[in-house]
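Here's a quick briefing to read with the model open beside you. Take a look at the structure, then walk through the notes by topic.

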Amino acid sequence: QVQLVESGGGLVQAGGSLRLSCAASGSIFGISTMGWYRQAPGKQRELVAGITSGGRTNYADSVKGRFTISRDNVKNTVYLQMNSLKPEDTAVYYCNNRITTGPNTVRNFWGQGTQVTVSS
């Protein structure tokens with residue numbers, strides 16, 4: 001059993017900052033890719049940022065230069081530092097981890113989602 005628990009969402013004014021966290025727990029042999037997605041009302045879920053086990057990162061064009069993804073492999077936690085927030089960043093943010101739970105058993109797990117609202 002694996003759980004991903006997110007925290008850090010909330011309401012912030014445009015130009016402000018938030019830091020999201022996502023901690024994985026349970027039967028974990030290892031975690032390869034960790035990432036953050038978001039889904040705004042009426043829109044499809046989209047990738048915001050990803051980070052590999054080696055620390056290589058990728059970002060959506062819309063957040064480059066403003067968001068930073070990082071991970072703590074000891075704590076099995078991924079973070080998303082969001083600066084210079086804009087109203088269009090408003091969405092439910094989900095973490096996604098690719099986790100090895102046993103021999104030859106790899107699955108993608110999702111967090112429960114955390115709301116980020118940016119007021120203008």
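Cys-22 is buried, and Cys-95 is buried too; buried means under 20% relative accessible area, exposed means over 50%, and partly exposed is in between (1.4 Å probe, protein chains only). Keep in mind that this is a predicted model, where local features need pLDDT of at least 70, side-chain atom pairs count only at pLDDT 80 or more, and totals for chains, interfaces and linings use all residues. Residues are numbered from 1 along each chain as its sequence is written, and side-chain values use heavy atoms, with hydrogens and water left out.

**The disulfide**

- The count comes to one disulfide, a term that stands for a pair of cysteine sulfur atoms within 2.5 Å.
- That bond joins Cys-22 to Cys-95, with an S to S distance of 2.0 Å.
- Cys-22 belongs to strand 3 (residues 18-26) and Cys-95 to strand 9, so the bond ties together distant parts of the chain, 73 residues apart; strands (E, at least two residues) and helices (H or I, at least four) are DSSP runs, numbered from the N terminus.
- The torsion about the S-S bond of Cys-22 and Cys-95 is about 50°, so this disulfide is right-handed.

**Salt bridges**

- As background, side chains of opposite charge can pair when their charged atoms come close.
- You'll find four salt bridges in the structure, each a side-chain nitrogen of Lys or Arg within 4 Å of a carboxyl oxygen of Asp or Glu.
- Salt bridges link Arg-38, Glu-46, Arg-66 and Asp-89 into a network.
- Arg-38 and Glu-46 meet through their side chains at 2.7 Å, N to O.
- Arg-38 is buried because its relative accessible area is 6%, whereas Glu-46 comes out as partly exposed at 35%.
- Arg-38 also has a salt bridge with Asp-89, where the closest N and O atoms are 3.0 Å apart.

**Aromatic rings**

- The structure has two aromatic pairs; rings of Phe, Tyr and Trp (its six-membered ring) pair if their centres lie within 6.5 Å, and planes under 30 degrees apart count as stacked, over 60 as edge-to-face and the rest as tilted.
- Tyr-37 and Trp-110 pair edge-to-face, at 5.0 Å centre to centre with 65° between the planes.
- This pair brings together distant parts of the chain, Tyr-37 from strand 4 and Trp-110 from strand 10 (residues 105-110), 73 residues apart.
- Tyr-37 counts as partly exposed at 24% relative accessibility, and Trp-110 is partly exposed at 39%.
- Tyr-94 and Trp-110 are edge-to-face as well, with 6.4 Å from centre to centre and 85° between the planes.
- Tyr-94 sits in strand 9 and Trp-110 in strand 10, 16 residues apart.
- Tyr-94 is buried because its relative accessibility is 15%.
- Taken together, the ring pairs make a cluster of Tyr-37, Tyr-94 and Trp-110.

**Charges over rings**

- Arg-45 lies over the face of Tyr-94, 3.7 Å from the ring centre; the rule here is NZ of Lys or CZ of Arg within 6 Å of the ring centre and within 35 degrees of the ring normal.
- The charged end of Arg-19 sits over the ring of Tyr-79, at 4.1 Å from its centre.

**Loop residues to look at**

- Leu-85 is in the loop between strand 8 and strand 9, and it counts as buried at 2% relative accessibility.
- Beyond its neighbours within four places in sequence, Leu-85 has contacts (heavy atoms within 4.5 Å) that include Val-12, Leu-18, Arg-66, Phe-67 and Val-118.
- Ser-84 lies in the loop between strand 8 and strand 9 and is partly exposed, at 41%.
- Most residues other than glycine have a negative phi.
- Ser-84 has a positive phi, near 50°, and Asn-104 has a positive one of about 60° although it is not a glycine.
- Asn-104 is found in the loop between strand 9 and strand 10, and is exposed with a relative accessible area of 83%.
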